[in-house]
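Colleague: I have a model to go through with you. Can we take it step by step?
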Amino acid sequence: MTEFTPLASLAGGALIGLSAVLLMAYQGRIAGISGIASRLLPPYPDNAFSSRLGFVLGLMAAPFAAYLVTGVTVVQSVPSSLPLMAMAGLLVGFGSVYGNGCTSGHGVCGLSRLSVRSLVATLAFMATAFVTVFLVRHVFGG
Amino acid sequence: MPFLANLAIGLIFGLGLVLSGMANPAKVQNFLDLFGTWDPSLAFVMGGAILVTFIGYRLVWQRGAPVSGGSFQLPSRTDIDSRILLGPAIFGIGWGLGGYCPGPALTALGLAAPGTLAFVPAMLAGMWLARNLPEHRKQPA
């Protein structure tokens, strides 16, 4: 069980949106994490490497910045099976780049642009994610 | 300057992920578990993010150009090909299995949970693989 947190989740979502708007205002780019992270690996399409590195380091600094400001550590429960997590990571990395985006690029930025491609992508990943959790927890799991 | 600006913008994104609960795979998987321990919080994350982005993008686009120069770089494709279904379908399976999509996985990396330390290198390998497929390299970046 996790607690239903509508206000914190809404506020957190608004911060994600603010970040997406700021990146568009500053650099004219979509805040798609799979696109940003995957272009930290070769081949390098342009000379925006340091921008992408900055963005990802900012992401990684967030739990520590949150702790410094609030004194609260991030509560997490991460699946413990390492082979399962490695397989999940491989699917997430491959699928998000193969489909040109993930939850942020298609789900947030794409839907906000009213992109039909992003709507199709979002429906596809939501569908397989719901089915996967259903199968793992209610068909194969205990 | 682009480095520092992006560092700050990325930090805001990461703080949003932390505050919203998306950096916790259990919360994501409970959102995806409609017939079990359903936690609808993530619908509020998406709602808040899309509301702000939808309005903010339109205000920003009225300016005509980004602050740092150049032009707005928006995806121009509108075709529905097999990749726009197949890629997200594969991604969704991994998202359901691990409870992480790319942003939260990177945000949580420093918390160093063993599962995260297994997930992130494999995710980067998957990204590298997809970008270096012969068919992908022909696409515009």
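Predicted model: local features only at pLDDT ≥ 70, side-chain atom pairs only at ≥ 80, totals over all residues.

Colleague: Which helix gives the most residues to the side of chain A that touches chain B?

Modeller: The elements giving two or more residues to that side include helix H2 (33-38) and helix H3 (49-70) of chain A. Helix H1 (6-27) of chain A is also among them. With 21 residues, the one that gives the most is H1(A).

Colleague: Is Lys27(B) buried or exposed?

Modeller: Lys27(B) lies in helix H2 (residues 25-31) of chain B. Its relative accessible area is 6%. Buried means under 20%, so Lys27(B) is buried.

Colleague: Which residue's side chain does Lys27(B) join in a polar contact of 3.1 Å?

Modeller: Leave aside neighbours within four places in sequence. Lys27(B) is then in contact with residues of chain A, including Thr2(A), Glu3(A), Thr5(A) and Ser9(A). On chain B, Asp39(B) is one of its contacts. The side chain in that polar contact of 3.1 Å belongs to Thr5(A).

Colleague: What area do chain A and chain B bury between them?

Modeller: The contact takes 105 residues from chain A and 111 residues from chain B. Carbon and sulfur atoms hold 74% of the buried area. The total is about 9900 Å².

Notes. Residues numbered from 1 in each chain as written. Chains lettered and ligands numbered in written order. Heavy atoms only, no water. Helix = DSSP H or I, 4+ residues; strand = E, 2+ residues; numbered from the N terminus. Buried < 20%, exposed > 50% of the residue type's maximum accessible area, 1.4 Å probe, protein only. Polar contact = N/O pair within 3.5 Å; in protein donor to acceptor, adjacent residues only side chain to side chain. Contact = heavy atoms within 4.5 Å. Buried area = accessible area lost by both parts, 1.4 Å probe.
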